[in-house]
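Thanks for sending this one over. Here are my notes, point by point, to read with the model open beside you.

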Amino acid sequence: MPGATMVKRHLNDLRGCFADTAAYEAALAAGNPLLYSVGAVEPADGEGDLHYGVGLLMPGKIGNEYWMTKGHLHSWRPAAEFYFGLTGEGVMLLEDEATGENRIVPLRPNGVVYVPGRTAHRTMNVGNTPLTYLGVYPAKAGHDYSTIARKNFRCIVVERDGKPVMIERPS
Ligand code: PA5
Ligand code: MN
């Protein structure tokens, strides 16, 4: 059905995402800030149609991990997506579902990140200002959050000497 939706995610919606659980619980005890919102537009659902969303991710950190989105795979696994950076300084964490390989790609104003199919994707704000971006994907892509909720990403992105660095998730 054609339509538009607005999703808002607060810190308590990101339970399980951050590696530093003590820092997460301490932050949550102090408040439950809005981390990000996504305004999604679904003009039509036919084969060949596109859906798109504008994301707004605020700056912040839990321990030394940047505020991030939940992250997902597409329910229809072959669906690719492109992100177009609008404002702010971001990084995307991409995990190939078949190989488990993780990599990070900068998301900058007027820059494009191509997310291939069968690739879990999560966005981090690594700057000090709001990060905004446009994501465009096939109408039938769908969002699978359950796989990431169960396994999480193999790697995390932390600040080291003021820069984002990808490291293995501590066990
Ligand atoms: O469809 C997309 O990939 C984006 O619009 C995301 O929904 C957005 O970045 C928010 O991330 P998530 O859906 O993982 O919460
Ligand atoms: Mn997506």
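1. Let's begin at the metal. The manganese ion (ligand 2) has His72 (NE2), His74 (NE2), Glu81 (OE) and His121 (NE2) as its protein donors, at 2.1 to 2.4 Å. Donors here are N, O and S atoms within 2.8 Å of the metal (3.2 Å for Na, K and Ca), and as water is not among the atoms, sites may look incomplete. Along the chain, the donors of this manganese ion follow the spacing H-x1-H-x6-E-x39-H. Histidine 74 counts as buried because its relative accessibility is 3%, and glutamate 81 is buried too, at 5%. (Buried means under 20% relative accessible area, exposed over 50%, and partly exposed in between, with a 1.4 Å probe and protein chains only.)

2. A word on the basis of all this. This is a predicted model, in which local features need pLDDT of at least 70 and side-chain atom pairs count only at pLDDT 80 or more, while totals for chains, interfaces and linings use all residues. Residues are numbered from 1 along each chain as its sequence is written, chains are lettered from A and ligands numbered from 1 in the order written, and side-chain values use heavy atoms, leaving out hydrogens and water.

3. Next, the open space. The largest pocket has a volume of about 420 Å³. It is lined by 28 residues, and those closest to its centre are Val38, His72, Tyr137, His143 and Tyr145. His72 is also one of the manganese donors. A pocket is an open set of points on a 1 Å grid over the protein atoms alone, with protein on both sides within 12 Å along at least five of seven lines; a cavity is a set where a 1.4 Å probe fits but cannot get out, and lining residues have an atom within 4 Å of a point. Grid points are joined across faces, edges and corners, and a volume is the space filled by probe spheres set on the points.

4. How many cavities of 30 Å³ or more does the structure hold? There is one, and the largest cavity has a volume of about 50 Å³. Its lining includes Leu73, Glu95, Glu97 and Ala120. Helix H2 (residues 146-151) gives the largest share of that lining, three residues. Helices (H or I, at least four residues) and strands (E, at least two) are DSSP runs, numbered from the N terminus.

5. Now the charges. The whole structure has five salt bridges, each a side-chain nitrogen of Lys or Arg within 4 Å of a carboxyl oxygen of Asp or Glu. Arg77, Glu97 and Asp144 are linked in a network of them. Glutamate 97 meets arginine 77 at 2.8 Å, N to O, and aspartate 144 pairs with arginine 77 at 3.1 Å. Aspartate 144, in strand S13, lies 67 residues from arginine 77. Aspartate 144 is buried, with a relative accessible area of 11%, whereas glutamate 97 is partly exposed at 31%.

6. Please also look at two backbone angles. Arginine 118 has a phi near 55°, which is positive in a residue other than glycine; its place is the loop between strand S10 (112-115) and strand S11 (119-125). Aspartate 161, not a glycine either, has a positive phi of about 50°. Which loop holds aspartate 161? That residue sits between strand S14 (155-160) and strand S15 (163-168). Arginine 118 is partly exposed at 47% relative accessibility, and aspartate 161 is exposed at 81%.
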